[in-house]
Amino acid sequence: MPLAGLVDALDKEELRSLLDAAMPDALLVHDHAGRLLAANQEACRCLGYHPGEISQLNIADISRDLDIAAAQSLWLGVEPGSRIVLQGHHRRKDGSFFPVDVHLGLLDRAEQRLYVAVFRDATEALRESEARFRATFEQAAVGLAHVGLNRRLLRANDKFCEILGVSRDALRVLLSGEGEGALEEGSWHEPAIEEALLSGARGSVSAERRIRPPDGRTAWINVTVSVARNDDGSPYYFIVVMEDITQRKTLEEKSEEHGRQMDALMKEQLIAQTAAALAHELNQPLEAIAAYSEVALRAMQSESGWSEQMQRAVLGCNLQAQRAGQVLHDLIGQLRTEGDDKKIFDLNTLVRDVIERVRTRESLNFQVRLMLDPALPQVVGNPLQIEKVLHNLLRNGLDAMLGAGITDPSFTIASHRGADPLMAEVSVQDMGPGIPPELAQVLFRPFRSAKRGGLGLGLSISRSLIHAQGGQLWLERDASPGATFRFTVPIADEL
Ligand SMILES: Nc1ncnc2c1ncn2[C@@H]1O[C@H](COP(=O)(O)OP(=O)(O)OP(=O)(O)O)[C@@H](O)[C@H]1O
Ligand SMILES: [Mg+2]
């Protein structure tokens, strides 16, 4: 039998019990005046009324804050065969309220509009979604807070308080404006920004700030503020998301400091090496002057006829040349004693760090095939000076490759124990044009540069820096492709 036929065949009581059995949801029927005409068992149970009592009631009696005129105009929107979904609160007989989701449909009789309201107690669903929201809010990895438009703290998760290093109570005071300045200079709320957020001119605002929490440390935070809005678009409260970025900031500061140290070291080395190179260049002519003047002096003493004045002049020349030679000698000695700040460290880590730093500081992109021996013991030396050497070698290789029109420069950098087992060896190979034999002879001498703008000091400085560690720096003969430079650093005492 089709369903319609079945319904026709049932009497009223049978229909009611069928509805009760088939409907797990609560069902009410009311007219356009709101008068309740029928209810199933579940509806009576939910509302706490006896079935007989329901027909005495109006929908306004079982709803919270229902404006019947407003409700009626809403009901008029329900068309035959369709339904609307409403949310609200129902009132039980005992006066308590519970949230409901209502599906409202129309029984369109010719003589009057009757409405079928199927509703479900939404307490559970609401509780579940609140629990989900609370868990998300509480367990978020960032600090979250909701702040009323009047700056009253509505809620903040533990992380938020932890980042600021304050209790919730202290946070309340801080946000109210009374504790302003407790964490930083300047204002916590900037009226112009608040205004832009509230008016919707800006969706959200982010800023990095340095704060000084009460426990005395200095921290960096990233704050993003946006506005939660009501259904009608009016502002409801501020959403503040806070991230602790102290670690990132500290790293940035450290890297800048490192860069400054490198620059200072480079300048020092440049001055020292220029002085050493000049001293070296001047030493030879001075020695020659001293030797020639000595020959002249001896000749003057064996031959007669030279005036005493002339002899004194040549003697003075000889003595001054010797004195200048001594001054240069002392200067060279002094320059060589620099750079004694030695440490024990991991050479492989240094190699990796330097590559990263050259990439970021010089904003150059290049590939590196790393072949670092993981079993390489720690070495002893001045890491900053070794970094300088690696930096020079990479810089030279890049210059050579870019100069030869290679657009994707790449290196192979390897580390292993040296031929001398007390030394660690690093090799830096590029894919450039290599070094012609005639240049290879004089490569490490100062002022030998084949580059425009090159001083020709990089390799000579690098070699003396490696010597200062007790190691060697050399160019590998007949290496190909490109050029391969190798240097050694003493392995730290393995005991
Ligand atoms: N990897 C390399 N491939 C090819 N030629 C190189 C390479 N490294 C160095 N050279 C050559 O050796 C010369 C000397 O290098 P060095 O680093 O001493 O001085 P520079 O790079 O010219 O100047 P700077 O004082 O700025 O370092 C370079 O001008 C270049 O011609
Ligand atoms: Mg160079």
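Modeller: Helices (H or I, at least four residues) and strands (E, at least two) are DSSP runs, numbered from the N terminus. This is a predicted model, where local features need pLDDT of at least 70, side-chain atom pairs count only at pLDDT 80 or more, and totals for chains, interfaces and linings use all residues. Residues are numbered from 1 along each chain as its sequence is written, while chains are lettered from A and ligands numbered from 1 in the order in which they are written.

Start with the shell. H13 gives the most to the shell around ligand 1: four residues. In total, 20 residues surround ligand 1; a residue counts if its C-beta atom, placed from the backbone, lies within 6 Å. The closest are Ala 400, Ser 449, Ala 450, Gly 454 and Gly 458. Two elements give two or more residues, helix H13 (383-403) and helix H15 (458-469). By class, the shell has eight nonpolar, nine polar and three charged residues. Ala, Val, Leu, Ile, Met, Phe, Trp, Tyr, Cys and Pro count as nonpolar, Asp, Glu, Lys and Arg as charged, and the others, Gly among them, as polar.

Now the packing. Helix H12 (residues 347-361) and H13 meet at about 55 degrees, with axes 10 Å apart. Axes are lines fitted to C-alpha atoms, for helices over the stretch in contact, and angles run from 0 to 180 degrees between N-to-C directions. H12 and H13 are therefore oblique to each other: angles under 35 degrees count as roughly parallel, over 145 as roughly antiparallel, 65 to 115 as roughly perpendicular and the rest as oblique.
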